[in-house]
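Please find below a note on the model under review.

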Amino acid sequence: GEIKDSEFDATPMVLLIGQYSTGKTTFLNHLLGEDFPGMHIGPEPTTDKFMALFHDGVDTHNSQTKKMSSGFHKKDKTGGDSARSIVTDDIRASGRLVKGNTLTVTPNLPFSSLSQFGSAFLNHFVGSSSASPLLRRLTFIDTPGVLSGEKQRIKRTYDFGQVAKWFADRSDLILLLFDAHKLDISDEFKNVIDTIRLHNDDKIRCVLNKADCVTREQLVRVYGSLMWSMGKIFDSPEVVRVYTGSYWNGALINNDFGRMFEKDEKLLVRELVDLPRCAAERKVNQMVNRIRLVKVHVCILGTLSKMTPRLFGKKSSREKILSELDLIMDTVRVEFGLSHGDMPCPNEFAQCLKNFLDFSVFPSTDRALIGRLDSLIEEGIPGIVQDAEIFASEVRLGRRNVPEDTKKIEKADPKTTIHEELFEDVKSKDYPHLLGLLLKLVVFGLVLLSIAEGMYYWSFSRPAFSIVELRAGYRTIFDVSVNRFLPRKPLQPTKGPAQIMPSLPTVSGVAYMPSIEKFKPSGPEGDL
């Protein structure tokens with residue numbers, strides 16, 4: 001789908017997915033070091049909504065809250081931090097909940113595209129704002145637990161897999177949480193993983209949570225079983241990174257692997273903290289990836305349009321294309337020099353093509369567009385990245401300051417900014433549209449003038465050399481056509497003596513003279 005500006009400028013996003021009661025919400029509570037609005041922890045499926053955790057914009061806490069929200073700490077077995085009052089809990093959970101429909105219309109949040117899933121999903125989507133320092137750098141997405149059987153397919157009124165896919169495509173890191181007590185991966189969870197992993201394999205990490213609740217021998221078996229299961233799902237020689245530990249604020253139950261748990265936790269936290277530094281590189285990588293996919297789709301759709309007849313046989317051609325789509329894709333890949341890894345899955349692409357009855361509506365292959373896409377990958381984006389690196393290095397060395405234009409934009413009047421945006425929008429969008437419309441009107445007028453000239457030549461056997469002559473000729477044609485269909489008036493007898501032409505002969509041979517009113521016989525017969 002389209003990437004909006006708010007999505008491109010948003011803080012890095014971390015997506016948490018797992019079966020119910022694997023400790024996703026507890027994991028977030030442990031990382032943030034404080035409770036957050038809407039948090040509910042229990043052994044049953046408690047999180048029934050997609051929850052986005054983002055910073056509330058508050059810069060400071062009170063000293064008590066700062067002391068308690070240091071994060072990444074464990075409680076001791078004697079109680080320690082557990083003796084908190086209800087007032088303290090309310091302070092730590094300070095923040096607000098934002099409903100899903102409001103999140104989609106908030107300009108500075110990257111959730112506007114979620115409106116495509118409708119109210120069925122937005123009623124199960126909520127935002128939780130908190131003042132945790134970590135949320136200033138990251139945005140977390142807590143998901144409902146993946147259920148088993150018909151509960152996953154029927155009880156939910158929205159497509160869980162497609163929603164998870166939307167978040168996965170826009171996330172910088174995807175954490176799959178597993179419980180060491182119940183490592184059984186349901187078919188529904190496997191289907192969700194298969195859905196989100198397309199083009200997102202490099203973002204996925206596994207977290208083996210509650211690892212302190214099993215013995216040393218059991219943990220070794222569970223870890224091996226998890227790696228074997230992930231190998232079957234991902235079907236690749238690369239091993240998915242697994243972080244093992246117990247991500248909650250309590251003390252470890254079994255401390256045999258305490259040092260390993262602490263080391264994995266530090267590595268995970270380091271990867272999370274480094275995400276903003278790598279955000280620019282990830283966005284460049286995502287942009288290049290989308291350009292490659294656009295190029296592949298342009299080539300495939302242009303080939304399908306070329307293979308489809310324009311008048312007859314469209315149905316049979318469509319069925320043949322769908323049945324031989326894998327061979328057609330191989331031909332397109334060889335013809336345009338595309339990478340095999342950029343080609344879409346033939347089965348999924350065929351399912352999308354079944355929504356179209358006529359493949360001739362697809363645009364033809366534009367070689368110029370393909371050339372511009374290649375130039376953008378080979379020259380445009382590398383040049384931008386190089387200029388950004390030079391600018392960043394000069395800023396670090398003090399050779400260049402932040403441009404004053406940026407500061408002025410931040411302090412600009414909102415009304416002025418809106419007017420400038422509208423003016424830029426008119427210049428960038430409306431003018432080309434108006435020019436194209438004007439060109440179409442000119443062409444249409446020339447066609448009408450050619451038709452009028454042809455009709456004039458057919459009627460008078462000569463061309464018209466001016467608009468005035470053309471207009472007079474069409475007025476003559478109009479008058480003749482009107483007179484032809486008007487009813488004729490009957491002839492009326494004339495009053496007075498008739499004027500008879502002398503040149504007309506008569507049956508009796510009498511000649512009529514114009515100067516003589518009476519006629520005389522011309523022969524010897526005498527009077528009539």
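1. Basis of the note. The model is predicted, so local features need pLDDT of at least 70 and side-chain atom pairs count only at pLDDT 80 or more, while totals for chains, interfaces and linings use all residues. Residues are numbered from 1 along each chain as its sequence is written, and side-chain values use heavy atoms, with hydrogens and water left out.

2. Overall make-up. The protein contains 19 helices and eight strands; these are DSSP runs numbered from the N terminus, helices being H or I of at least four residues and strands E of at least two. Of its 528 residues, 36% count as buried (buried means under 20% relative accessible area, exposed over 50%, and partly exposed in between, with a 1.4 Å probe and protein chains only). Among contacts (heavy atoms within 4.5 Å) between residues at least 6 apart in sequence, 75% join residues at least 24 apart.

3. Geometry of α8 and α9. The axes of helix α8 (residues 160–169) and helix α9 (residues 187–196) come within 9 Å and cross at roughly 40 degrees. Axes are lines fitted to C-alpha atoms, for helices over the stretch in contact, and angles run from 0 to 180 degrees between N-to-C directions. α8 and α9 are therefore oblique to each other, given that angles under 35 degrees count as roughly parallel, over 145 as roughly antiparallel, 65 to 115 as roughly perpendicular and the rest as oblique.

4. Residues between α8 and α9. On the α8 side, F160, G161, Q162, A164, K165 and A168 meet V192, T195 and I196 of α9. By class, this contact of α8 with α9 has five nonpolar, three polar and one charged residues (Ala, Val, Leu, Ile, Met, Phe, Trp, Tyr, Cys and Pro count as nonpolar, Asp, Glu, Lys and Arg as charged, and the others, Gly among them, as polar).

5. Cysteines. A search of the whole structure finds zero disulfides, a disulfide being a pair of cysteine sulfur atoms within 2.5 Å. C299 counts as buried because its relative accessibility is 0%, whereas C352, at 47%, counts as partly exposed.

6. Positive phi values. S21, a residue other than glycine, has a positive phi near 60 degrees. S21 is placed in the loop between β1 (13–18) and α2 (24–32) and is buried, with a relative accessible area of 18%. K210, also not a glycine, has a positive phi near 60 degrees. K210 lies in the loop between β7 (204–209) and α10 (216–234) and, at 24% relative accessibility, counts as partly exposed.
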